[in-house]
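Please open the model in your viewer and keep the selection tool at hand. The stops below are meant to be taken in order.

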Amino acid sequence: MFGKLIDILKKNPKKIVFTEGTDPRILEASARLLSGTFLTPVLIGNEAEIRAAAEDAGFNIRGAEIYDPETYDQMDAMVEKMVELRKGKMTADECRATLRKGNYFGTMLVAMGIADSLLGGATYSTADTVRPALQLVKTKPGNKIVSSCFILVRPYATGGNMVLAMADCAINIDPTEDELVEIASETVKCAQIFGVDPKVAFLSYSTFGSGKGPAVDKMRNAAEKAKAAMPEVPIEGELQFDAAVSPRVAETKCPESAVAGYANTFIFPDISAGNIGYKIAQRLGSFEAYGPILLGLNAPINDLSRGCNAQEVYSMAIITAALA
């Protein structure tokens with residue numbers, strides 16, 4: 001899977017901002033990325049401190065770009081642009097003070113086109129990564145929300161990988177029918193980048209009316225709206241998970257469905273179901289889980305777990321940049 005993403009980046013190399021430039025995990029991943037020549041790390045922080053941290057840890061970051069908010073020579077232009085983006089909600093002085101923070105400064109580098117993507121969260125919270133993205137990069141035209149998906153990967157015994165997409169597992173707590181349609185649309189696009197031919201299941205505790213209730217109605221109605229919005233994509237709902245993935249169960253519960261039994265892109269009714277679902281797959285199903293991948297923004301910005309390791313930083317950097 002990563003070979004395909006690296007091929008994409010080799011054809012069109014990108015720049016990715018790391019908001020925590022002195023973190024040893026970031027430096028290790030940056031050194032590895034630089035050796036591949038398909039992605040340029042942009043490190044935020046004091047240059048002397050970043051170089052000293054890299055030298056102490058034995059990482060070669062020659063070729064990385066380093067920006068220090070305290071000495072950035074285009075800060076006036078950045079402040080002016082941020083005032084414009086905040087549309088009167090912040091004064092120039094407030095913007096200047098806020099831009100001393102690496103998360104806001106890094107996001108503005110993306111908003112101004114100086115970098116293509118951003119990966120934060122090694123020490124920042126998810127909110128501290130998402131909030132600047134919403135305020136400065138904002139959602140794509142036609143999109144009303146930011147959502148997320150996880151890509152789950154597990155090797156087949158015969159070679160190759162099973163690749164699944166699950167959404168929304170991290171951002172929207174209780175999405176409406178229309179928000180579920182937008183989540184599904186963005187997840188389909190993301191899944192395709194990872195080589196998935198999406199077969200989309202809107203999940204529920206009911207299959208085609210076997211259960212009743214507002215939550216069932218929500219998923220059934222969202223599936224119908226998604227079918228109308230994406231007629232070229234195989235979509236089914238509402239489906240129980242076993243009917244979505246087991247051909248034997250699907251033959252019994254919904255034999256006429258082209259998706260049931262073979263779904264690979266899963267839309268959950270709420271964040272509880274999504275978060276629990278992907279973690280069950282990760283911990284009990286031996287899937288590698290990549291994400292959350294933020295969807296719907298004007299540029300790729302993603303969040304790391306504060307417990308991440310350098311390998312996870314490296315993998316998420318490739319994923320994030322390939323979406324640019």
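Predicted model: local features only at pLDDT ≥ 70, side-chain atom pairs only at ≥ 80, totals over all residues.

Residues are numbered from 1 along each chain as its sequence is written, and side-chain values use heavy atoms, with hydrogens and water left out.

**Stop 1: two helices**

Select residues 75-86, helix α4, and residues 102-111, helix α6. Helices (H or I, at least four residues) are DSSP runs, numbered from the N terminus. The two axes come within 11 Å and cross at roughly 85°; axes are lines fitted to C-alpha atoms, for helices over the stretch in contact, and angles run from 0 to 180 degrees between N-to-C directions. Helix α4 is therefore roughly perpendicular to α6 (angles of 65 to 115 degrees count as such).

Now show the side chains. On α4, Met 75, Met 78, Lys 81, Met 82 and Leu 85 meet Tyr 104, Phe 105, Met 108, Leu 109 and Ala 111 of α6, where contact means heavy atoms within 4.5 Å. Nine of the residues in this contact are nonpolar, none is polar and one is charged. Here Ala, Val, Leu, Ile, Met, Phe, Trp, Tyr, Cys and Pro count as nonpolar, Asp, Glu, Lys and Arg as charged, and the others, Gly among them, as polar.

**Stop 2: salt bridges**

How many salt bridges does the structure hold? There are 18, each a side-chain nitrogen of Lys or Arg within 4 Å of a carboxyl oxygen of Asp or Glu.

Select Asp 128 and Arg 131, whose side chains form a salt bridge (3.1 Å, N to O). Both sit in helix α7 (residues 126-137), three residues apart, so about one helical turn separates them. Asp 128 is partly exposed at 26% relative accessible area (buried means under 20%, exposed over 50%, partly exposed in between, with a 1.4 Å probe and protein chains only). Arg 131 is also partly exposed, at 37%.

Next, select Lys 225 and Asp 178, another salt bridge at 3.1 Å, N to O. This pair links distant parts of the chain, 47 residues apart: Lys 225 is in helix α9 (residues 214-229) and Asp 178 in helix α8 (residues 177-193). Lys 225 is partly exposed at 36%, whereas Asp 178 is exposed at 52%.

**Stop 3: a network**

Finally, select Lys 140, Glu 186 and Lys 189, which are linked in a network of salt bridges.

Conventions:
Parallel < 35°, antiparallel > 145°, perpendicular 65-115°, else oblique.
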